[in-house]
Amino acid sequence: MAQHVLKVPPTKNTLLSLKKQVRFLEEGHDLLERKRELLTRLVYERIGEYRRLRGESEKALEEAYRCLSITHLRMGSRGLHQAALGAEPALQVEILPRRSLGVEYPAVTSSRLPIKPVGLLGTDSSFDNTRDNLAQAAVLLARLGEVEIALHRLMEEQRKAQKRVNALKYNIIPLYQRTIRFIQSSLEEEERNTLFQVKILRERKAI
């Protein structure tokens, strides 16, 4: 079965043009391969950070909800709701865009604010402890959210880079190389035919 080649005229100009294009494609392949390797490295780094933050967040949430359940038992749903309405934020969050290897994701900066007393009658001492633990858990969750989104987008970009690398390596570059070999073969055959015809003409003239 004949191999597929590009539908181009088998001329010397076409051959030179295709060789230039192959060099360009090979350079592009090398750049994409390096990008894929860097993305893979970043993905593995983020996976380690994601697992660590996920574990810390789960522990922080477990402790925060344990404290919340104690506060709920002591103050009741109504008292807890009223106290929460009077409480000021205990966390400051700032979200800015960040870019790494062409991949954009949100950079989340979270910081604790001093917990101010609510000053309502019927507030239990465990309420401030619950607020403190929830704020600490929120700081970890904000960081976890950034890492999770970055990890997802880096993995998606890494998959795209891998597909492009494979397409260039196994499809596009071999197609151009086959076409170059086909044109070279056609030009060599044409040259042999020309030499053969010249030889015949010389022999006829010599007779």
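Is L80 buried or exposed? With a relative accessibility of 14%, L80 counts as buried, because the cut-off for a buried residue is under 20%.

## The model and its confidence

The structure discussed here is a predicted model. The protein chain has a mean pLDDT of 89, and 96% of its residues reach 70 or more. Among the elements of the chain, helix α1 has the highest mean pLDDT, at 93. The lowest, at 88, belongs to strand β1, which covers residues 91-100.

## Helix α1 and its kink

Helix α1 runs over residues 12-86 and contains 75 residues. A straight helix would reach 111 Å at 1.5 Å a residue, but the end C-alpha atoms of α1 are only 82 Å apart. A kink of about 105 degrees is also present in α1, centred on G76.

L80, the subject of the opening question, is found in this helix. Leaving aside neighbours within four places in sequence, L80 is in contact with L68, T71, H72, M75 and F127.

## Helix α2

Helix α2 comprises the 81 residues 126-206. At 1.5 Å a residue, this helix should span 120 Å; the distance between its end C-alpha atoms is 117 Å, which agrees.

An unreviewed UniProt entry carries the annotation "coiled-coil region" for residues 144-171. In the model, this span is 100% helix and 0% strand, and its end C-alpha atoms lie 40 Å apart.

## Nonpolar cores

The largest nonpolar core has 13 residues, of which L39, Y50, L53 and L154 touch the most other members. At least two residues of this core come from each of α1 and α2. The largest share is supplied by α2, with 7 residues.

Another core lies apart from this one and has 12 residues, including I173, I180, I183 and L187. As for L53, which belongs to the largest core, its contacts beyond four places in sequence are L140, R143, L144 and V147.

Which residues does E157 contact, leaving aside its neighbours within four places in sequence? They are K35, L39, V103 and R164. L39 is also one of the residues named above in the largest nonpolar core. E157 lies in helix α2 and has a relative accessible area of 16%, so it is buried.

K160 is likewise placed in helix α2. With a relative accessibility of 38%, K160 counts as partly exposed, because that class lies between the 20% and 50% limits. K160 and L53 are 107 residues apart along the chain, and their C-alpha atoms are separated by 27 Å.

## A loop residue with a positive phi

L101 is placed in the loop between β1 and β2, the latter covering residues 103-112. L101 is not a glycine, yet its phi is positive, at about 55 degrees. Most residues other than glycine have a negative phi. The relative accessible area of L101 is 32%, and this residue is therefore partly exposed.

Technical notes: Residues are numbered from 1 along each chain as its sequence is written. This is a predicted model: local features need pLDDT of at least 70, side-chain atom pairs count only at pLDDT 80 or more; totals for chains, interfaces and linings use all residues. Side-chain values use heavy atoms; hydrogens and water are left out. Helices (H or I, at least four residues) and strands (E, at least two) are DSSP runs, numbered from the N terminus. The expected span of a helix is 1.5 Å times one less than its number of residues. UniProt positions are given in the numbering used here, feature names are shortened, and annotations may be inferred rather than shown by experiment. The bend at a residue is the angle between axes fitted to the seven residues ending there and the seven starting there. A nonpolar core is a set of buried Ala, Val, Leu, Ile, Met, Phe, Trp, Tyr and Cys residues joined through side-chain atoms within 4.5 Å. Buried means under 20% relative accessible area, exposed over 50%, partly exposed in between (1.4 Å probe, protein chains only). Contact means heavy atoms within 4.5 Å. pLDDT is the predictor's confidence in each residue, from 0 to 100.
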